[in-house]
Amino acid sequence: MSIAIRNISKEFGTFKALNDVSLDIDSGELVALLGPSGCGKTTLLRIIAGLETADQGSILFSGEDTTDVHVRERKVGFVFQHYALFRHMTVFDNVAFGLRMKPRATRPSDAIIQDKVHELLNLVQLDWLADRYPAQLSGGQRQRIALARALAVEPKVLLLDEPFGALDAKVRKELRRWLRRLHDDLHVTSIFVTHDQEEALEVADRVVLMNSGKVEQIGSPQEVWDHPASPFVYGFLGDVNLFHGRAHEGEMQIGAGKQGVRLASPEHSATQDSKAFAYVRPHDLDVRRYQAGEEQHIGSYQPQRGIPAKLVRAIVVGPIARLELLPLDTAAAGSGDIIEAQMGVQQYTEQAFKEGEVLVLTPRKARVFVA
């Protein structure tokens, strides 16, 4: 089932939760609504489900307007963050609940319900827990049971609200891989809400970045990562360093005088001496030692120029060394702002950088925005 979201707006008192949001979701697609708390993603999900009513706009399922369709008739399955399982019911009875609550005319027989529930429990790989109660399950098992219960009524649309938010990191990683495999098998049109960038990028076919009730960008995980459409998207997706400077005729200068760096920004070739800022990911920073007096031998612009910064701390975990540095020119990165650089452990070991020494940072790749 395809979903068309058209000009949805919603206010709670004076707070505008959604502001003219439009979005198309293809049949069988898995879409992530990603953004910080309060950006409107859960409100949008609840409006799609019929649990909230929009102030204006419409939701169409396969071309049919669902504005006046009751939540029970929308054929939507909903999975909440905190499972919402019935504690007094067994796993089997929890999954069977939606089937048993159907009107008598459409309710399956007990034998069909029995087969259906066991089929779903096998699908989520938990058939052996059918007689247990939710309190006897782990968090990950409870969430899989909640998903089986949502699938029992054969929904045309599956909606998941922070489905793994209450679980620890290792279980979250396992479950999101499992959810992706399950979706590939079932092809149910699915929308899940998350504030976890890694989760959205790993699981979804497309990511919808939301901020302050609006859609900032829509695209595949690779598209939004490689080509962020706005400063918000760049800053929200993964670790990033923010540098301040000025842009002029296709170049941005970071830092003052010879202790700085120029970045090519041809997209701003018409800009005349304007305030600008550049986003650089930690792995896109080259790091080398600062050599005393080297600035005396540098011409007006050479590639080796960079941003001097003191190494405050080095964190070596697995194959990656994370360096935390404090810029000597605080105007380049903001007063007190730490710059983070990343490199392979072998390179870090060979360079033998010491905490407290001055290094020079040169961006290999940056995205420049003009204020």
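This is a predicted model: local features need pLDDT of at least 70, side-chain atom pairs count only at pLDDT 80 or more; totals for chains, interfaces and linings use all residues.
Local features need pLDDT of at least 70 and side-chain atom pairs count only at pLDDT 80 or more, while totals for chains, interfaces and linings use all residues. Residues are numbered from 1 along each chain as its sequence is written, and side-chain values use heavy atoms, with hydrogens and water left out.

Strands here are DSSP runs of E with at least two residues, helices are runs of H or I with at least four, and both are numbered from the N terminus; two strands pair if DSSP finds at least two bridges between them. Inside the order, β7 (residues 157–161) and β8 (residues 189–194) pair in the parallel sense over five bridges, and Leu 160 has Phe 192 in β8 as its bridge partner.

Angles run from 0 to 180 degrees between N-to-C directions, with axes fitted to C-alpha atoms, for helices over the stretch in contact; contact means heavy atoms within 4.5 Å.

Then there is the helix pair α2 (residues 91–100) and α3 (residues 110–123), whose axes come within 10 Å and cross at roughly 125 degrees. That makes α2 oblique to α3 (under 35 degrees is roughly parallel, over 145 roughly antiparallel, 65 to 115 roughly perpendicular, and the rest oblique). Residues that meet across this pair include Val 91 and Phe 92 in α2, and Ile 113 and Gln 114 in α3.
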